[in-house]
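Hi,

Here is the structure I promised to pass on to you. Please have a look at it first, and then read my notes below.

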Amino acid sequence: MSGKQQSELLLEVSDIHVYYGAIHAIKGISFDVRPGEIVALIGANGAGKSTTLNTIAGLLKPRSGSIRFKGENVTGTPASRMVFKGLALCPEGRRIFQQMTVKENLEMGAFSRPNTEIASAMEDVFTRFPRLKEREKQVAGTLSGGEQQMLAMGRALMGKPDLLMLDEPSMGLAPILVEQIFAIIGELHAAGTTILLVEQNAQMALSVADRAYVLETGTIGMSGQAAELLNDDAVRKAYLGH
Amino acid sequence: MAFLSSLVNGLSLGSIYAIIALGYTMVYGIAKMLNFAHGDVIMVGAYIAFCGAQYWGLPPVLCVLCAMAVCTVLGVTIERLAYRPLRQATSLAVLITAIGMSYLLQNLALQIWGANPKSFPTDLIAFPNLSLFSGQLKVSGVTVVTVLANLVIMVALTFFTGKTKMGKAMRCVSEDRGAAELMGINVNRTISMTFAIGSALAAIAGVLLCTAYPTLQPTTGSMPGIKAFTAAVFGGIGSIPGAMVGGLLLGIIEILSRAYISTELADAIVFAVLIVVLLVRPTGLLGKQVREKV
Ligand SMILES: Nc1ncnc2c1ncn2[C@@H]1O[C@H](COP(=O)(O)OP(=O)(O)O)[C@@H](O)[C@H]1O
Ligand SMILES: [Mg+2]
């Protein structure tokens with residue numbers, strides 16, 4: 001990456017407002033993600049984290065404001081087109097295709113890629129998640145919660161995205177699995193994947209992220225280096241519980 | 001032998017129900033709506049095939065292909081114009097629209113082709129009659145073609161949804177529309193595709209139905225449509241094998257009731273069986289048991 005500041009941003013969200021009917025869920029937030037970073041978006045339940053990711057992914061349209069991805073204005077582009085531009089969202093609650101096999105789920109993750117690339121992408125995912133390889137032919141609905149999360153992440157990675165957005169990957173998982181998922185996020189980061197991470201588990205998110213934004217009922221409260229926020233008294237009190 | 005003969009007739013009628021039920025069930029599974037105009041698409045298909053044979057002098061194969069093409073365009077257009085604008089509306093609004101569409105098609109047919117029943121050319125499907133058990137069981141050519149057509153359609157659809165990219169995309173949309181979009185699947189296009197397939201199948205069903213029961217009028221599609229819808233619910237709406245099983249069972253029950261119990265009560269018995277099945281298994285015979293996930 002070279003050139004001006006502007007082109008160094010992979011994702012640039014500027015002053016977006018998102019509504020659900022009359023409910024004003026996102027009230028003018030701005031933030032950015034640079035290539036190679038893990039940026040965390042933390043905040044309490046209902047703060048608007050999922051709404052933000054869904055809007056970037058194109059599932060929701062902002063009423064105003066703009067979203068630029070890889071230098072292109074993508075505001076209002078439908079989700080099915082955003083995938084082809086290199087954006088993947090691993091949604092809250094995993095939302096894997098329960099009735100399809102593990103292998104089919106992964107194939108669907110590569111829907112935006114040429115068929116010739118599926119096999120190698122799947123090899124990569126199986127290397128990262130050997131557990132999925134063992135369960136390849138199993139119907140996804142029969143997987144354990146942790147395995148389903150791995151499948152959801154693997155499925156998102158099948159499209160070889162330039163930006164991977166993870167919405168609460170640790171939700172509902174036992175502590176040991178949470179550790180495992182975050183270890184994988186760290187590995188993906190080390191391998192150069194850019195990640196926008198949404199978490200309620202602020203402790204874990206801040207320890208793996210480079211930078212973070214704190215979302216408070218539709219607006220951004222604090223932001224900064226993750227390590228600094230981790231030691232910030234206000235953040236500790238509000239989000240880390242100590 | 002009389003029983004066997006009834007069974008064969010039931011299989012034949014059931015195959016027609018099954019082909020129609022596939023249209024209901026696929027559209028329900030993917031677009032999450034009941035397309036009550038589906039039965040009337042059958043009627044349009046039959047009229048087109050009729051016109052092809054009677055007025056345009058087309059060979060039988062072209063009549064059927066023509067009917068399929070017209071129904072495909074019709075089905076996709078109905079979805080585009082009437083249902084797509086209601087994608088976010090309540091299901092009641094969509095249902096009422098579908099019923100309205102059904103009346104619209106019937107009345108258009110009344111305008112174009114008139115109220116007098118047409119006698120459908122029974123030689124459109126020319127297949128030799130079979131004579132089995134040294135002549136004791138006669139199976140008409142139409143029956144053979146109907147059962148075979150049903151089999152071919154079933155195998156083709158199973159392959160399509162199980163192995164092709166588009167077919168798998170359909171299964172994704174049916175399971176979780178939002179997640180499907182996140183894969184890059186164009187949901188609108190997938191729904192159009194579903195209407196196209198269902199409507200093409202409706203055309204085939206129309207030709208088979210009218211060859212077996214050769215009176216064609218604007219209301220020809222309604223009763224088979226309702227029966228096939230029942231079959232889809234019976235088998236488990238949303239499930240492709242369910243439509244097949246439901247259609248076949250419904251046809252067999254109907255013909256056997258007619259033969260052995262009462263002609264007048266046959267339909268009542270069909271619906272009574274449906275009610276019993278739904279009481280025992282609310283999702284139908286092969287329907288997915290919805291599991292609550294945490
Ligand atoms: N589909 C919806 N319809 C109406 N309101 C919604 C919907 N989804 C979320 N909201 C509201 O928008 C706000 C933000 O929700 P969300 O983005 O899910 O928060 P988070 O992911 O941070 O928990 C909440 O007040 C929530 O009640
Ligand atoms: Mg959320």
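Predicted model: local features only at pLDDT ≥ 70, side-chain atom pairs only at ≥ 80, totals over all residues.

Let me start with the interface: between chain B and chain A, 6 residue pairs are in polar contact, both residues being at pLDDT 80 or more. A polar contact here is a pair of N or O atoms within 3.5 Å; within protein, one must be able to donate a hydrogen and the other to accept it, and residues adjacent in sequence count only if both atoms are side-chain atoms. On the side of chain B that touches chain A, the elements giving two or more residues are α6 (165-175) and α7 (177-182) of chain B. The most comes from α6(B), with 6 residues. (Helices are DSSP runs of H or I with at least four residues, strands are runs of E with at least two, and both are numbered from the N terminus.) By type, the residues on this side of chain B are 7 nonpolar, 4 polar and 9 charged.

Residues are numbered from 1 along each chain as its sequence is written, chains are lettered from A and ligands numbered from 1 in the order in which they are written, and side-chain values use heavy atoms, with hydrogens and water left out.

Back to the interface. Chain B brings 20 residues to the contact and chain A brings 26 residues, where contact means heavy atoms within 4.5 Å. The two chains bury about 2,100 Å² between them, 57% of it on carbon and sulfur atoms. B:Glu175, B:Leu182 and B:Met183 supply 34% of the area that chain B buries against chain A, more than any other three residues. (Buried area is the accessible area, with a 1.4 Å probe, that two parts lose on being put together, summed over both.)

There are 3 salt bridges between chain B and chain A, a salt bridge being a side-chain nitrogen of Lys or Arg within 4 Å of a carboxyl oxygen of Asp or Glu. One joins A:Glu107 to B:Lys168, with the closest N and O atoms 2.5 Å apart. Another pairs B:Asp176 with A:Arg95 at 2.8 Å. That pair runs from the loop between α6 and α7 of chain B to the loop between β6 and α4 of chain A. B:Asp176 counts as buried because its relative accessibility is 16%, whereas A:Arg95 is partly exposed at 32%. (Buried means under 20% relative accessible area, exposed over 50%, partly exposed in between, with a 1.4 Å probe and protein chains only.)

Within chain A, A:Glu147 and A:Arg131 form a salt bridge at 2.9 Å, N to O. It links helix α7 (residues 145-157) to helix α6 (residues 130-134), the two residues being 16 residues apart. A salt-bridge network also links A:Asp32, A:Arg34, A:Glu37 and A:Arg211.

Finally, the magnesium ion (ligand 2) has A:Ser50 (OG) and A:Glu92 (OE) as its protein donors, lying 2.0 Å from it. Donors are N, O and S atoms within 2.8 Å of the metal (3.2 Å for Na, K and Ca); water is not among the atoms, so sites may look incomplete.

Best wishes

Note on methods. Nonpolar A, V, L, I, M, F, W, Y, C, P; charged D, E, K, R; others polar.
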